[in-house]
Amino acid sequence: MKVRLGIIGTGIAARELHLPALQNIRDKFEITCVCNHTEKKAKDFSALVAGVPYVLDYHELLARKDVDAVDIVLPIHLNCRVTEDALESGKHVIVEKPIASNLKDADRMVGFTRKYSLAMMVAENYRYNPVFKKVREVIESGTIGEAYSVFWDHFTVTDSSNKFAQTAWRINHQYPGGFVMDAGIHNIAVLRDLFGEFKSGIAHTRNINPAIGKMDSMSFEFIFENGVSGVFNTFFSAKGLNVNTLKILGTNGSVVAEGNKVSVLRENFGEVSESNPADRGYQGQFEDFYEAIINHKVPVSTFDKAYKDFKVMVSAFDSADKWSTSQLSL
């Protein structure tokens, strides 16, 4: 049975990340209508999907009887309103991360799960990424002993040559954190999946390149409720440096994830490496959405999990003010 899918928002993420994944599982989803308020974008995207109907007002898409579910790929501050309208129209919903642009809307969206008997989830592809699934397997197997510290360094340059940096709603964002929130929430989702809930932390944030928004750099030091400590560095204006490496230290070894490679390192045992599929979890998230619709399974990436991811990021930003008043006693 195919789910008839409408796509609301046909920008970069929909075109380059969602559409290729959906085309790989045509046996599960049939795209029946697309929407963008800019006609050229809507028309161009329609052409990529065999010329399916396109509309400029998402309410018209929601009114269609040949749409069972919607993929909402819009500026973050629109997530809450459009999700509610879709659910009111009886459509199942998958909505891009972060869940909302503020905690009030995020909390409201969690409430939708109690109000509507429909499938709904957040498109957090990192939760489905085979690399991080492998990391979790290594930790749970006990191969590296008991994990006690984690370090995640994400350094890259995001300037005028980056297509995402040319998006007006990202530059003039109506949500906290700019690129740090938009991309960094992926890492927080993985860290919570691996180690549970955060207990405390403090962040230092900076704005190196105002041309890409109000914030582009963060160092976040934290501790989880289970005692694992760590540091998450995410810098989007790191000239000449492009690194995305997750390192986890255990009592009997370490595990490192970089790109699509996972390496296990143990003293006197050398290195055991494994390469995982290059897919970053986009197909997996839609397969999960399908199961939630057809077989009524609870999805991996729930609104509740996404709310908690978002709350961690907001709390980290709020903690940054403490740096100005904290002093070392030397």
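How do the residues of the lining of the second largest pocket divide into nonpolar, polar and charged? I'll come back to that in a minute.

Some ground rules. This is a predicted model, where local features need pLDDT of at least 70 and side-chain atom pairs count only at pLDDT 80 or more, while totals for chains, interfaces and linings use all residues. Residues are numbered from 1 along each chain as its sequence is written, and side-chain values use heavy atoms, with hydrogens and water left out.

Sheets to begin with. Helices (H or I, at least four residues) and strands (E, at least two) are DSSP runs numbered from the N terminus, and two strands pair if DSSP finds at least two bridges between them. There is an open sheet of six strands, ordered E3-E2-E1-E4-E5-E6, with parallel pairing. Its edge strands are E3 (54–55) and E6 (120–123), each pairing on one side only. E3 is joined to E2 (residues 29–35) in the parallel sense over two bridges, and Cys35 has Val55 of E3 as its bridge partner.

Elsewhere, E10 (residues 229–235) has two pairings to mention. With E7 (residues 147–155) it runs parallel over seven bridges, and there Asp153 is partnered by Asn233. With E9 (residues 217–224) the pairing is antiparallel, again over seven bridges, and Phe220 stands opposite Phe232. The hairpin of E9 and E10 has four residues between the strands, and in it Gly227 takes a positive phi near 95°.

On backbone geometry: most residues other than glycine have a negative phi, and most peptide bonds are trans. Ala50 is not a glycine, yet has a positive phi of about 60°; look for Ala50 in the loop between helix H2 (39–48) and E3. The peptide bond from Lys97 to Pro98 is cis, with omega near -15°, and Pro98 is in the loop between strand E5 (92–96) and H5.

On a 1 Å grid over the protein atoms alone, a cavity is a set of points where a 1.4 Å probe fits but cannot get out; a pocket is an open set with protein on both sides within 12 Å along at least five of seven lines; lining residues have an atom within 4 Å of a point. Points are joined across faces, edges and corners, and a volume is the space filled by probe spheres set on them.

Lys97 and Pro98 are among its lining residues, as are Glu124 and Asp309. That lining counts five nonpolar, no polar and three charged residues, where Ala, Val, Leu, Ile, Met, Phe, Trp, Tyr, Cys and Pro are nonpolar, Asp, Glu, Lys and Arg charged, and the others, Gly among them, polar.

The second largest pocket has about 310 Å³ of space. It is lined by 17 residues, those closest to its centre being Leu118, Ala119, Met120, Val298 and Pro299. Helices H5 (103–115), H9 (282–294) and H10 (303–319) each supply at least two residues of the lining. As for my opening question, the lining divides into ten nonpolar, five polar and two charged.

Lastly, H9 also contacts H1 (residues 12–24), where contact means heavy atoms within 4.5 Å. The residues involved include Leu17 and Leu22 of H1 and Tyr282 and Phe286 of H9, and the contact set comprises five nonpolar, four polar and no charged residues.
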